[in-house]
Amino acid sequence: MWTLYDRLISTVDDIVKIKDFVVGPQWTAVITEDDCVGLAWTVSEKFRRFEFDVKPEAGMSAAEIAAGIKSWNYHESALGLAAINAFHNRAENLPSDAEIIPGGRRSQSAFIKFCEKNTKNKRSVMIEPHYLREELSSAPGVIDIVRKEPTYRDYLYQAYEELIPKADQLILSGITLVDKLGSPALRLAENKTSVFWGPDVPLTSAFGEFGVSQVTGFIVDDPEKCMWLAKSSAVRDDMLNTGHFVTVIL
């Protein structure tokens with residue numbers, strides 16, 4: 001299970017330092033000393049079963065915080081993912097053939113545009129996706145949603161073992177790295193198309209070693225506003241206004 005996590009951690013070095021971080025009601029964010037922000041969804045439980053393995057502090061390296069992604073304390077894991085994103089999701093790291101998706105308010109339509117391009121005439125399993133209910137109703141193809149905390153139309157997470165073998169493709173968000181559904185789902189989808197999409201997805205080619213063919217992640221263009229919004233329980237679209245999505249084919 002931990003091979004993917006160890007590989008992601010290994011991509012982050014100890015040169016980049018953390019300036020600040022926040023575990024907000026909706027979003028977790030990490031900002032580096034050179035003002036790059038990485039995001040993760042704040043996954044919470046009613047009862048905290050695990051304490052922090054390493055207490056995060058400003059001035060620690062991104063690599064030190066990134067190691068927390070393996071933690072079963074979901075807040076520590078979210079901080080680890082956000083640190084990985086802060087390290088990778090920056091313009092200077094992008095390959096020359098990366099697709100830059102228009103940002104600002106136009107980022108709000110990124111999910112439905114992704115579906116129009118990738119889910120038409122297919123059956124897709126999406127695990128922990130970032131979407132609004134009205135967006136899903138207009139998305140093409142057959143889409144099965146799996147979550148640990150199901151809402152409208154969702155399957156409970158155990159259903160992925162039944163759904164993935166019947167699907168054409170698997171689409172994961174960064175939440176699956178925090179709640180630990182990503183690795184087993186990828187193993188089950190070994191002969192399927194697998195994609196990561198979301199504002200919490202690291203833009204790293206390391207995913208290609210695990211059968212992932214495409215990643216879409218988020219680059220923050222307004223770090224100060226993004227950090228403020230993370231502290232103030234901002235909704236998805238407000239956060240997306242602070243940057244733009246990028247797609248990388250692996």
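Arginine 123 stands opposite valine 142 in strand 6. This is a predicted model, and that pair of residues is a place to start reading it. Strand 6 covers residues 142-147 and pairs with strand 5 in the parallel sense, over 5 bridges. Strand 5 also pairs with strand 8, residues 169-172, again in the parallel sense, here over 4 bridges. In this second pairing, isoleucine 127 stands opposite leucine 172 in strand 8.

The pockets can be taken in turn. The largest pocket holds about 830 Å³ of space. Its lining consists of 28 residues, and those nearest its centre are Trp41, Glu128, Arg147, Glu149 and Ile175. Sorted by class, this lining has 13 nonpolar, 10 charged and 5 polar residues.

The second largest pocket holds about 240 Å³ of space. It is lined by 16 residues, with Glu99, Ile101, Lys113, Phe114 and Lys117 closest to its centre. Helix 4 (110-118), strand 10 (212-220) and strand 11 (243-249) are the elements that each give two or more residues to this lining. Helix 4 supplies the largest share, 5 residues. By class, the lining of the second largest pocket has 7 nonpolar, 5 polar and 4 charged residues.

Notes:
Residues are numbered from 1 along each chain as its sequence is written. This is a predicted model: local features need pLDDT of at least 70, side-chain atom pairs count only at pLDDT 80 or more; totals for chains, interfaces and linings use all residues. Side-chain values use heavy atoms; hydrogens and water are left out. On a 1 Å grid over the protein atoms alone, a cavity is a set of points where a 1.4 Å probe fits but cannot get out, and a pocket is an open set with protein on both sides within 12 Å along at least five of seven lines; lining residues have an atom within 4 Å of a point. Grid points are joined across faces, edges and corners, and a volume is the space filled by probe spheres set on the points. Ala, Val, Leu, Ile, Met, Phe, Trp, Tyr, Cys and Pro count as nonpolar, Asp, Glu, Lys and Arg as charged, and the others, Gly among them, as polar. Two strands pair if DSSP finds at least two bridges between them.
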